Amino acid sequence: MVQVNDNFSQLPKSYLFSEVARRIAEYKSSNGGSDVIRMDIGDVTRPLFHSVIAAMHDAVDELASSSSFHGYGPEQGYSFLREAISLHDYHGRGLDIDPADIFISDGAKSDLGNLGDIYSRDCTVAVMNPSYPVYVDDSVIDGRAGDIIHGKWSRLVYLDCDPGNRFMPSLPEKKADVIFLCFPNNPTGEAITKDELSRWVDYARENGSLIIYDSAYEAFVRQPGMVRSIYEIEGAEEVAIEIRSFSKTAGFTGLRCGYTVVPRKLKGRYSDGTDVSLNTLWNRRQCTKFNGASYVAQKGAAAVYTPEGMEDVKRVTDYYMGNAAIIKSAFSKIGFNAYGGDNSPYVWVSAGADKDSWQIFEQLLHICGFSTTPGSGFGTKGEGYIRLTGFNSRENTETAMSRLVASGIRM
Ligand code: MLT
């Protein structure tokens with residue numbers, strides 16, 4: 001028999017959101033199939049925009065004719081989409097990111113893990129605690145996490161986030177080579193200011209670290225002064241990779257399209273001391289391991305940058321933000337501390353550090369019929385919290401929250 005990657009034996013048995021789905025299915029089957037309002041995984045519910053659908057219909061028609069058929073596309077993505085991203089998401093906001101810095105992907109999650117191919121297995125990785133579990137799971141699979149001791153991996157550097165620091169971690173005490181930052185944050189829902197993020201860029205410049213900046217939720221930033229792209233910070237293109245997705249912004253969770261910015265100014269070093277561009281390495285990796293995102297999905301993504309598409313992004317993200325406000329206000333009304341939700345579709349609710357997140361999950365599922373994500377699934381600092389998403393319909397969000405208020409559950 002083949003010898004397998006031992007690191008898998010160290011991972012939790014199932015991925016966080018698979019475990020949540022399993023418990024919901026179990027609850028449904030033992031309760032006569034009763035409906036559960038899903039407020040756990042950040043999966044969108046509004047349909048694709050008309051402009052996106054029309055562009056994809058045209059793309060399918062092109063594929064139906066030999067004169068306009070497309071086979072393999074460029075591994076980096078089609079230039080029509082890379083140019084639209086560069087123009088609207090960067091140059092249009094005064095940021096110097098060119099199409100050559102942009103790689104189209106099938107979504108943020110894959111690239112977050114795939115990037116591990118280009119930095120050394122010896123790198124020390126820092127993650128926020130709590131954080132999106134993909135950063136930790138990927139580090140475990142790649143052998144960068146060490147051993148798990150009392151819920152923490154021995155080789156990871158944890159950047160603790162709690163109400164005491166407004167969920168903004170301090171710089172690491174131990175040197176970190178690769179730092180995963182996510183703002184607006186998943187799961188806490190908190191956004192970061194320029195001053196706060198500048199400290200991280202300065203740290204990375206001083207220590208030769210790489211920041212992997214997950215900005216999948218940037219379209220939900222509403223307060224002026226909150227950062228949408230790490231490249232708003234001077235010098236960040238020498239230390240940071242930025243990852244984005246059309247999933248939450250434009251309803252692409254099922255369609256799959258995102259992008260990763262690896263600026264050509266970003267350098268790494270081989271163990272023999274030779275410098276190399278990370279853009280070159282990532283391009284080399286992609287050409288071998290990836291054949292590009294689907295043409296139809298990329299045509300749909302390009303339509304997000306039409307005037308109609310951009311209005312739709314605002315309309316739909318506003319809708320989800322309205323739901324987040326309803327959730328935050330309902331939990332606050334019954335005495336819970338609720339965070340996030342102002343620049344993010346996520347609301348992070350504290351039931352008290354002595355509480356077990358999975359018990360709160362079960363309680364809300366059984367009493368109120370809606371699902372949440374247990375905070376402990378995001379790290380030790382998530383214990384006692386649950387995360388809710390604003391991605392369900394307005395009607396379902398209102399129903400769930402009126403059940404909560406009527407339930408008699410109080411902090
Ligand atoms: C989440 O709920 O954290 C996200 O939807 C998961 C994902 O994007 O993979």
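## The loop between β7 and α6

Pro187 lies in the loop between strand β7 and helix α6; helices (H or I, at least four residues) and strands (E, at least two) are DSSP runs, numbered from the N terminus. The peptide bond from Asn186 to Pro187 is cis, with omega about 20°. Pro184 belongs to the loop between β7 and α6 (194–207) as well, and a cis peptide bond links Phe183 to Pro184, with omega about -15°.

This is a predicted model, in which local features need pLDDT of at least 70 and side-chain atom pairs count only at pLDDT 80 or more, while totals for chains, interfaces and linings use all residues. Residues are numbered from 1 along each chain as its sequence is written, and side-chain values use heavy atoms, with hydrogens and water left out.

## The ligand

Which residues are around the ligand? They are Phe17, Ile41, Gly42, Tyr132, Asn186, Tyr217, Lys248, Tyr346 and Arg387, where a residue is near a molecule or strand if one of its heavy atoms lies within 4 Å of it. Domain 1 (7–47 + 309–406) and domain 2 (52–306) both contribute to this shell, so the ligand lies between them; the bounds come from an automatic or database domain assignment.

A ligand oxygen is 2.6 Å from a polar backbone atom of Gly42. In the side chain of Arg387, an N or O atom is 2.7 Å from an oxygen of the ligand. The protein covers 85% of the 270 Å² of accessible area that the ligand has on its own, by the Shrake-Rupley method with a 1.4 Å probe; for residues, only the protein chains shown count as cover.

## Buried and exposed residues

Asn129 is part of strand β3 (residues 125–129). This residue is buried, as its relative accessibility is 1%; buried means under 20% relative accessible area, exposed over 50%, and partly exposed in between (1.4 Å probe, protein chains only). Ala176, in the loop between β6 (157–160) and β7 (178–182), is also buried, with a relative accessible area of 0%.

Arg166 sits in the loop between β6 and β7 too, but is partly exposed at 35%. Its phi is positive, near 55°, although it is not a glycine. His150, in the loop between β4 (148–149) and β5 (152–153), has a positive phi near 50° and is exposed at 79%.

## Helix α10

Helix α10 (residues 307–333) has 27 residues and should span 39 Å at 1.5 Å a residue, which agrees with the 39 Å between its end C-alpha atoms. The expected span is 1.5 Å times one less than the number of residues. Gly335 follows α10 and has a positive phi, near 95°.

How values were computed: Polar contact = N/O pair within 3.5 Å; in protein donor to acceptor, adjacent residues only side chain to side chain.
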